[in-house]
Amino acid sequence: MGLILLSPFDLALASVLVLLLAAMSWWLHLGVGRRVLIAAARSTVQLMLVGLVLKVLFEQTHPGLVALMALFMLSVAGFEAMQRQKRRFRGPWGYGVGSVSMFVSSFGVLVLALTVVIRVEPWYQPQYLIPLLGMLLGNAMSGVAIALDSLTRGAWDARGPIEARLLAGATWEQAIASVRRDALRSGLIPIVNAMSTAGLVNLPGMMTGQILAGSPPMEAAKYQLLIMFLISAGTGLGAVLAVWIGSRHLFDERERLRLDRLKGEEA
Amino acid sequence: MGGLRLKALRTRVLEPVSLDLQAGELVLVSGPSGSGKSLLLRAIADLDPHEGQVWLDGEPRSSMAAHLWRRRVGLLPAESFWWEDRVGPHFPEDAGGPQTLPDLLGALGFGPEVLDWSVSRLSTGERQRLALARLLAQAPEVLLLDEATANLDPANRDRVESAVARYRGTHAAATLWVSHDPEQRERLTAQGGGRQLMIRDGRLEPWPWA
């Protein structure tokens, strides 16, 4: 079993299917035909560009270039995580809370995996680092965004009960405890669900890729397991950090609930 | 013991407020709605950012952790909020101090079984009285009451008034009571020897005006 290379003609054949989908949308007045075409074009350009960039990166194995790529991925993930929150923090915190949590959790788990588990030499070899980081960041991004969104929204909606607890002499941590717990839980649910149904409904993307590329299924399964464990740890850690930093920033040094630090309230 | 001193307390709508309350003293505050009565009480309890300093029996607020301050300077907001399903868990474990919890509930017209009641089934008036019971069970040294009887019928209003008077007497708690009801203010000052303040043009002034 070897890798079957795709020719541009093969891709063109597949893209005809997308064109058909767009035509069908036009035919049925769904109004998404244009969006389908734009999205298809975007993914073509983005993936080709990434392929080119990775090709250059793999040939060099230069730590500076790898760091640059990693930084780029992190900043996009931070931006995306911020966009997905309805009531995000004002100012630099809106971007910072999510990005810092993702940075610490994803890079922590990544370096651990590369040096202790997979033992790549040198550890920053881009062929391992970039795809791993991508998967870690992608999942941490969802977890962190959902957890932060739930935290800020929960605090916003529960202002009365939170302040009632403060008035009853609770510390800020006691007053926010239930909102915090819900936020963490909702941030972790997607990854837990993904782990519990893995392989039953669809084969995880990475395992599929490895099998298509000719790896023995057992090897692919082992790699997939490794990745899932890393992703869960990274997402969990990221969500915990984000919720901790975020809930701390919802209160000031006098343990007052500061909803004016969130977007949406006009002071 | 609870004496309260405010110095240049600045809220969003009021001119800076300086005020001295002796231990056990009753001060009634009134003023048009939106004039900043509730904001003043929230500022004293340190719920909103503001300028100015407050002392409890000579101890500055800034020397105390915020949650300890709020335990000692108890605010009853106009609208009560609840965070557990049942009434009981809202009360502190060591509730009551000298006044035991059943006595306290009884004085406000409840039997001890109220602790098992579900919060969602309480009427507005019941919530208001239970919120006061919850606050008094915390044994605060100062009472800040925001429209404590707004939703009550006369019988329950009298219960609340006498429960507060009893607490103020036994604990020597300075009491700052916001009330929009002129009859209530007259009655309470006549009974309890308190004084009245009124907000006029953004200033807290003694009432009746000279």
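How many of the 8 residues of helix α1 (residues 37-44) of chain B are buried?

1. The answer is 6, so that helix α1 of chain B is mostly covered, where a residue is buried if 20 or more other C-beta atoms, placed from the backbone, lie within 10 Å of its own. The buried residues of α1(B) are B:Lys37, B:Leu40, B:Leu41, B:Arg42, B:Ala43 and B:Ile44. Helices here are DSSP runs of H or I with at least four residues, numbered from the N terminus. Just after α1(B), B:Asp46 has a positive phi of about 65°.

2. On provenance, this is a predicted model in which local features need pLDDT of at least 70 and side-chain atom pairs count only at pLDDT 80 or more, while totals for chains, interfaces and linings use all residues. Residues are numbered from 1 along each chain as its sequence is written, and chains are lettered from A and ligands numbered from 1 in the order in which they are written.

3. Between the chains, 14 residues of chain B are in contact with 15 residues of chain A; contact requires C-beta atoms, placed from the backbone, to lie within 7 Å. Helix α2 (residues 66-72) of chain B gives the largest share of the chain B side, 4 residues. That side has 8 nonpolar, 2 polar and 4 charged residues. Nonpolar covers Ala, Val, Leu, Ile, Met, Phe, Trp, Tyr, Cys and Pro, charged covers Asp, Glu, Lys and Arg, and the others, Gly among them, are polar.

4. Chain A is assigned domain 1 (1-60) and domain 2 (62-261), with bounds from an automatic or database domain assignment. Their centres, taken over C-alpha atoms, are 29 Å apart. In chain A, 8 residues of domain 1 are in contact with 9 residues of domain 2. The domain 1 side comprises 6 nonpolar, 2 polar and no charged residues.

Conventions: Two residues are in contact if their C-beta atoms, placed from the backbone, lie within 7 Å. Helices (H or I, at least four residues) and strands (E, at least two) are DSSP runs, numbered from the N terminus. A residue is buried if 20 or more other C-beta atoms lie within 10 Å of its own, exposed if 12 or fewer, and partly exposed in between; C-beta atoms are placed from the backbone.
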